[in-house]
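Here is a short briefing for a reader who is new to this structure. Take a look at the model first, then read on by topic.

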Amino acid sequence: IWLYVRKAGTVILAVNLLIWAAMSFPRYGSTPGAHLGHEQLRHSIAGRVGSALEPISRLAGFDSRDNVALIGGFAAKEVVVGTMGVAYAMDDTNTRRPEGLSAKLTADPDWSPARALALMLFVMIYSPCSATLIVIRRESGKWRWAMFAMAYTTLLAFLVAVAVYQ
């Protein structure tokens, strides 16, 4: 158990730090320390990528914040919840007592049981994590099988999520 926690924990921590940096830079606005929330996220590197995917992902009910979290999940699926927590916390103006992710999602009028189920199914079905893709490549001897596994499962996950959400 300790070996898994140490190995997976370092990967998850590293990926969360990279995603946090991608969600924080470049800085939006000129006032240091100003609370910019969702505008900062939309302006950031990660936010731009998430926003670019939004016209397609909207079919499954996902917005740019969800897309950023799902992109991080390609490295390790455990990262999805942590990234969503950071993305939704960027809107939190109460720094003394911030709300948890579940409270934020419950209060968000855009969240529904259909959207939550679509997201859960997507995460369970979509691309295996990067470590699994590397093992597929090593075992098969070809990157095309790893890329096939990534593309096939992600497309299947998207179709399932759209069917559930719609």
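Rings of Phe, Tyr and Trp (its six-membered ring) pair if their centres lie within 6.5 Å. By this rule there are 6 aromatic pairs. The model is a predicted one. Its chain has 9 helices and 0 strands. Of the 166 residues in the chain, 36% are buried.

**Overall layout**

- From the N terminus on, the elements run α-α-α-α-α-α-α-α-α.
- Helix H1 covers 2-24, and helix H4 covers residues 64-72.
- Helix H5 spans 79-89, helix H7 spans 113-125 and helix H8 spans 130-140.
- Helix H9 takes in residues 143-165.

**Helix H4**

- How many of the 9 residues of helix H4 are buried? The count is 8, so the helix is largely enclosed by the rest of the structure.
- The buried residues of H4 are Ser 64, Arg 65, Asp 66, Asn 67, Val 68, Ala 69, Leu 70 and Gly 72.
- Asp 63 sits at the start of H4, where one of its side-chain oxygens reaches to within 3.1 Å of the backbone nitrogen of Arg 65.
- Asp 66 lies in helix H4. Its relative accessible area is 0%, under the 20% cut-off, so Asp 66 is buried.
- The side chain of Asp 66 also has a partner: it makes a polar contact with the side chain of Tyr 88, at 3.2 Å.

**Aromatic rings**

- A pair of aromatic rings is described by the distance of the centres and the angle of the planes.
- Trp 20 has a relative accessibility of 45% and counts as partly exposed. Phe 25 is partly exposed as well, with a relative accessible area of 40%.
- Phe 74 and Tyr 126 form another pair, with ring centres 5.2 Å apart. Their planes are at 75°, so this pair is edge-to-face.
- The pair of Phe 74 and Tyr 126 links distant parts of the chain, 52 residues apart. Phe 74 is in the loop between H4 and helix H5, and Tyr 126 is in the loop between helix H7 and helix H8.
- Is Tyr 126 buried or exposed? Tyr 126 has 1% relative accessibility and counts as buried.
- Phe 74 is partly exposed, with a relative accessible area of 28%.
- Which residues do ring pairs link into a cluster? They are Phe 62, Phe 74, Phe 122 and Tyr 126.

**A charge over a ring**

- Arg 115 lies over the face of Trp 111. The distance from the ring centre is 4.1 Å.

**The largest pocket**

- The largest pocket holds about 310 Å³ of space.
- Its lining has 14 residues. Nearest the centre lie Ala 8, Val 11, Ala 75, Cys 129 and Ala 131.
- H1 supplies the largest share of the lining, 6 residues. Helix H1 and H8 each supply at least two.
- By type, the lining divides into 10 nonpolar, 1 polar and 3 charged residues.

**Residues apart in sequence**

- Leu 13 lies in helix H1. Its relative accessibility is 53%, over the 50% cut-off, so Leu 13 counts as exposed.
- Leu 13 and Gly 82 are 69 residues apart in sequence. Their C-alpha atoms are 9.7 Å apart in space.
- Ser 130 lies in helix H8 and counts as partly exposed, at 32% relative accessibility.
- Ser 130 and Ala 75 are 55 residues apart along the chain, and 5.0 Å separates their C-alpha atoms.
- Phe 148 is found in helix H9. At 48% relative accessibility, Phe 148 counts as partly exposed.
- Phe 148 and Leu 133 are 15 residues apart along the chain. Their C-alpha atoms are separated by 9.8 Å.

Definitions and conventions
Residues numbered from 1 in each chain as written. Predicted model: local features only at pLDDT ≥ 70, side-chain atom pairs only at ≥ 80, totals over all residues. Heavy atoms only, no water. Buried < 20%, exposed > 50% of the residue type's maximum accessible area, 1.4 Å probe, protein only. Helix = DSSP H or I, 4+ residues; strand = E, 2+ residues; numbered from the N terminus. Polar contact = N/O pair within 3.5 Å; in protein donor to acceptor, adjacent residues only side chain to side chain. Phe/Tyr/Trp six-rings, centres within 6.5 Å; stacked < 30°, edge-to-face > 60°. Lys NZ or Arg CZ within 6 Å of the ring centre and 35° of its normal. 1 Å grid on protein atoms, 1.4 Å probe; cavity = no way out; pocket = protein on both sides within 12 Å on 5 of 7 lines; lining within 4 Å. Points joined across faces, edges and corners; volume = space filled by probe spheres on them. Nonpolar A, V, L, I, M, F, W, Y, C, P; charged D, E, K, R; others polar.
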